[in-house]
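Reader: I'm new to this one, could you walk me through it?
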Amino acid sequence: MSSVVFYPKKSIHEILTAATEVSTATELAFQIENAWRKRLWTLVASTFAIILLICTLTIFVSFSVIAKEKKRQEASILTSVQTISKLATVQHHYSDIFEWNDQKDLVLFQLKKSLLATGTASVLAGINLEESELTVFKQGEQVKITFPRAQIFSVDSQLQFAGEADMIFRRISIDDRNRLLLESKESFRKKALESGIIAQAEEKAASQISSYLEGLGYQAEITFQ
């Protein structure tokens, strides 16, 4: 036969109070634990964000420094290449005999005049950087340079007049001599072009600049356009 135990009212109150305190303490501990967990995650997230920011700034600064250094090197190479290309010229020397005749036909007779001269010329060709620019692009140890096409700088022509013939009504003038001089310059210019002076000037410039850059440890790729 089961027996029934009776607790006094005071004991029941103490038991309920103790249970309530235990529950409150457990809940409080749980809340504290959650608060610390949130703080810990916040701290971790903040630390990660700071590290990410530092890494981003470091990468940005590094790329900026590299880009500035690349531009500085390109500018230095450009200056050196400009100096070398101005010196990389080709000169040809020519000589020839020139004859100039002018005739006017009248009803009964002809009015003639003529000039005979020996000519010499010095033709200079190279890269003209005054009218167009060259471009330099550096990628690692590779340097790409684009030049303008070579051209003839000057034709220094001189004539030694060996003979002239004219008539009383048609005298040889200074304009006649200048006309023959211009014709001789154009003739020497064409001879230089036919001799390949343009290609020679470009080859010389490319060779000298390639040698210079290879001496600095670069590989040069040179084109003309």
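Author: What follows goes from the overall layout to the aromatic rings.

Author: This is a predicted model, in which local features need pLDDT of at least 70 and side-chain atom pairs count only at pLDDT 80 or more, whereas totals for chains, interfaces and linings use all residues. Residues are numbered from 1 along each chain as its sequence is written, and side-chain values use heavy atoms, leaving out hydrogens and water.

Reader: Ok, which order do the elements of the chain run in from the N terminus?
Author: They run α-β-β-β-β-β-α-α-β, which comes to 3 helices and 6 strands, taken as DSSP runs (helices H or I, at least four residues; strands E, at least two) and numbered from the N terminus.

Reader: How many aromatic pairs are there?
Author: The count comes to 3 aromatic pairs, where rings of Phe, Tyr and Trp (its six-membered ring) pair if their centres lie within 6.5 Å, with planes under 30 degrees apart called stacked, over 60 edge-to-face and the rest tilted. One of them is edge-to-face, because the rings of Phe-98 and Phe-188 have centres 5.3 Å apart and planes at 85°. This pair links Phe-98 in strand 1 (residues 90-105) with Phe-188 in helix 2 (residues 174-194), 90 residues apart.

Reader: And is Phe-188 buried or exposed?
Author: Phe-188 is buried, with a relative accessible area of 0%, where buried means under 20%, exposed over 50% and partly exposed in between, using a 1.4 Å probe and protein chains only. Phe-98 also counts as buried, at 8% relative accessibility.

Reader: Switching topic, where is Leu-43?
Author: Leu-43 is found in helix 1 (residues 9-87), and at 52% relative accessibility Leu-43 counts as exposed.
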